[in-house]
Amino acid sequence: MKKFFSTLAGRIAIAALFLFLVMVPLLFGGVLYLVKKNYESQFIDHVRNDAYQLASISQWGSGFERLGNELEEALLSGHIAFSRIVDSKGYLIIAGRQVRQAPSFEEDFFFGQAEDRFYQIAVPLFDASSERIGELQLGYDETPTRMQTRQTYRSGHYLMLGFIAVIFFITMLLGRQFANPMHQLSEASRKIAQGDYDARLQVRTNISEIKNLAKSLDHMRNELVQKNNEMQHLAQHDHLTGLPNRVLLHKRVDAALKGARGEDHSMAFLLIDLDRFKEVNDTLGHLTGDAVLRLAAERIHSCVRETDTAARLGGDEFALLLPATSGGSAEAIARLVSERLQEDFNVKDHQFKLGASIGIALYPEHGDSYERILHCADIAMYAAKRKGDGAVTWYPELETMS
Amino acid sequence: MIRRGLFFTGLLLMLIGMSLPADEPHEGTLVLVSVADLGDGQLTPNQLRRAFLGIPVLVNGENIRALRNTSDPLLNEIFLQKVVYMSEPRYKRQLVSRTFRTGQMHPPDFKVQDDLVHALKSVPGGVSVMWERDANKDPALHVIQVLWKGRPR
């Protein structure tokens with residue numbers, strides 16, 4: 001419950017409820033008060049007019065006899081509770097009542113003026129010559145009007161409670177309509193913050209502001225995906241040649257070793273060092289050296305399959321990862337690479353020849369980890385370097401074995 | 001400390017004062033007044049009713065013009081019960097209805113008694129209702145007849 005009231009839907013519901021708890025009773029109270037006043041006014045109007053009409057009978061010249069008959073009829077019909085006719089000296093002439101005991105007469109001018117449930121009214125009686133002959137005192141029962149008012153108040157209160165309940169329910173629904181997409185947006189933002197950029201952001205709502213917010217968030221997610229991919233590429237590739245760098249090579253070697261272990265394959269790892277590159281770099285400059293490296297990278301890359309990895313380790317050192325490759329195939333690829341690197345390099349109007357020393361290490365023969373394989377290939381490559389002229393050398397132990 | 005004591009004593013006295021029953025209402029007499037001399041002829045209930053409903057009434061050759069006094073709610077209710085025999089809303093409806101039917105002005109309404117007295121002095125044949133004690137304050141006003149006498153509850 002406490003959690004609900006801290007949500008947007010809860011807050012909207014509370015605000016609406018508070019507003020309606022103040023406004024609705026004011027509105028209903030005002031209307032009910034007016035209705036009550038109207039009932040009372042109708043009652044008073046009826047009482048005054050009825051009393052006047054009855055009193056006017058005395059002017060017809062039949063004395064109190066006709067008036068007495070009319071009063072009897074009125075008492076029988078029940079709309080008058082009691083009646084009295086007193087003469088001009090104050091003596092009681094005729095009295096009638098519908099109630100057990102009529103109260104002593106005290107005239108009222110407002111509805112409910114005394115707590116006796118009767119509206120008492122006195123009207124002077126005149127004869128045909130307009131001579132005052134007495135007074136008609138009447139008591140009207142206020143109870144039906146009071147009951148009518150009470151019934152109206154009761155109905156009004158039920159209506160008011162129903163109205164508040166309906167408003168509360170509608171506000172809750174509207175609040176949820178508002179809160180659910182916000183919750184979805186919040187979930188999506190949390191996922192993005194955790195690095196889960198793949199899920200496309202989808203929010204079901206017809207509220208345009210929230211739709212726009214969702215669009216903006218999705219746009220942000222796309223930008224993040226793009227930037228993340230760029231950063232990942234930069235972190236794992238060599239800026240100069242575009243080949244995978246040492247970091248990615250490490251990952252791929254680990255993956256290839258895992259695959260090779262699972263499927264019982266062999267795997268070859270070649271370490272390539274360009275010969276005479278330092279001379280080119282020192283004599284023709286770094287820009288030429290960079291162009292040579294790019295060209296060398298292209299030539300190395302052109303010798304391998306899609307499933308192989310050609311990487312630049314740094315300086316003039318390259319590596320080739322050849323998964324699911326036997327020793328013979330590895331040597332064939334090494335020789336092809338060596339031949340391609342011995343071809344003429346034409347860079348910026350300069351033509352020169354380079355070469356490469358290539359060391360080969362195999363899984364599982366020379367090691368079963370990246371470090372070990374790299375170490376073996378490194379030793380083989382230095383052995384090739386010592387031999388010179390584009391030599392391809394196996395890791396010495398194998399060489400001695402062969 | 002003394003101030004606080006005085007404050008609470010005052011508050012207590014005020015509460016006691018509020019709890020005491022209010023003064024009994026004085027006996028009142030509602031009268032019909034006019035500046036015009038209408039002789040000794042009193043108005044019949046029917047004439048009075050007609051006059052205050054805006055219907056022309058002639059008394060001793062004087063055309064009666066009724067002016068309403070609404071300066072006191074009790075006085076107004078007694079007037080409605082003793083003179084026009086209607087409730088306030090119905091009386092107003094009748095006046096408006098008559099104005100629409102005949103185009104004649106209905107009796108003007110005065111919420112301030114001084115304005116009413118001033119109007120009575122300036123309108124020929126003007127009559128109105130007033131508490132007798134108020135009417136006696138102005139020698140220009142003649143009491144034509146007593147409409148009601150009693151002690152309001």
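Colleague: Let's start with one residue: in which strand of chain A is the place of A:Ala361?

Modeller: Helices (H or I, at least four residues) and strands (E, at least two) are DSSP runs, numbered from the N terminus. This is a predicted model, where local features need pLDDT of at least 70, side-chain atom pairs count only at pLDDT 80 or more, and totals for chains, interfaces and linings use all residues. Residues are numbered from 1 along each chain as its sequence is written, while chains are lettered from A and ligands numbered from 1 in the order in which they are written. Look up A:Ala361 and you land in strand 10 of chain A.

Colleague: Is A:Ala361 buried or exposed?

Modeller: We count C-beta atoms, placed from the backbone: 20 or more others within 10 Å of a residue's own means buried, 12 or fewer means exposed, and in between is partly exposed. A:Ala361 has 27 other C-beta atoms within 10 Å, so A:Ala361 is buried.

Colleague: And how many of the nine residues of strand 10 of chain A are buried?

Modeller: Strand 10 covers residues 355-363 of chain A. The strand is mostly covered, and the number of buried residues is eight.

Colleague: How far apart in space are A:Ala361 and A:Ala380, C-alpha to C-alpha?

Modeller: In sequence, 19 residues separate A:Ala361 and A:Ala380. The two are also in contact, meaning that their C-beta atoms, placed from the backbone, lie within 7 Å. From C-alpha to C-alpha, the distance is 7.4 Å.

Colleague: Which strand pairs with strand 10 of chain A in the antiparallel sense?

Modeller: Two strands pair if DSSP finds at least two bridges between them. Strand 11 (residues 392-394) of chain A joins strand 10 of chain A by three bridges, but those two run parallel. The antiparallel pairing has nine bridges, and the partner is strand 5 (residues 267-275) of chain A.

Colleague: What is the hand of the β-α-β unit made by strand 10, helix 10 and strand 11 of chain A?

Modeller: Point the strands away from you and follow the path from the first strand over the helix to the second: clockwise counts as right-handed. Here the helix is helix 10 (residues 370-387) of chain A, and the unit is left-handed.

Colleague: Now the open sheet of four strands in chain A: which strands stand at its edges, and why is one side of each left without a neighbour?

Modeller: The strand order is 2-1-4-3, with antiparallel pairing. Each edge strand has a single partner strand, so one side has no neighbour in the sheet; the two are strand 2 (92-97) and strand 3 (118-126) of chain A.

Note on methods
Lists of a residue's contacts leave out its neighbours within four places in sequence.
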